Amino acid sequence: MNAARGGAAITLQTVADGGRLATITGDRPSPERRVTVANVYVRADGARLAALVVALADGLLSLHVGATFPLADAATALQGAITGRAAGATVLTLSL
């Protein structure tokens with residue numbers, strides 16, 4: 001998965017022959033070595049998100065969290081995610 005603008009071509013070099021690369025930045029590189037390359041578009045879907053939360057809670061999915069930020073620091077969190085500094089999922093937390 002590539003989330004850094006301009007980084008898809010570099011990320012492609014790390015994908016195994018015949019593997020898959022998804023990018024959310026729109027800078028899809030040309031496929032090579034039988035690697036499937038796809039642009040992924042994000043859209044709001046609350047019902048799908050709720051189902052994924054249940055699957056995560058049930059242990060059907062796993063997630064490596066690389067960084068956690070309070071919602072007030074969302075801009076900083078986004079910068080970390082798009083530059084690849086997070087080394088895992090970036091999570092925003094809500095103070096209740």
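Two exercises on a predicted model follow, each with a worked solution. Residues are numbered from 1 along each chain as its sequence is written. In this predicted model, local features need pLDDT of at least 70, side-chain atom pairs count only at pLDDT 80 or more, totals for chains, interfaces and linings use all residues, and side-chain values use heavy atoms, without hydrogens and water.

**Exercise 1.** Decide whether Leu61 and Ala87 are buried, partly exposed or exposed.

*Solution.*
Step 1. Take the cut-offs: buried is under 20% relative accessible area, exposed is over 50%, and partly exposed is in between (1.4 Å probe, protein chains only).
Step 2. Locate Leu61: this residue sits in the loop between H2 and strand E3 (65-70). Helices (H or I, at least four residues) and strands (E, at least two) are DSSP runs, numbered from the N terminus.
Step 3. The relative accessible area of Leu61 is 40%, so Leu61 is partly exposed.
Step 4. Ala87 belongs to the loop between H3 and E4. With a relative accessible area of 61%, Ala87 is therefore exposed.
Step 5. Along the chain, Ala87 and Gly66 are 21 residues apart, yet 5.0 Å separates their C-alpha atoms.

**Exercise 2.** Describe the residues that line the largest pocket.

*Solution.*
Step 1. Define the terms: on a 1 Å grid over the protein atoms alone, a pocket is an open set of points where a 1.4 Å probe fits, with protein on both sides within 12 Å along at least five of seven lines; lining residues have an atom within 4 Å of a point.
Step 2. Count the lining: 25 residues, with Leu63, Gly88, Ala89, Thr90 and Val91 nearest the centre of the pocket.
Step 3. Name the elements: H2, helix H3 (74-83) and strand E4 (89-93) each give two or more residues to this lining.
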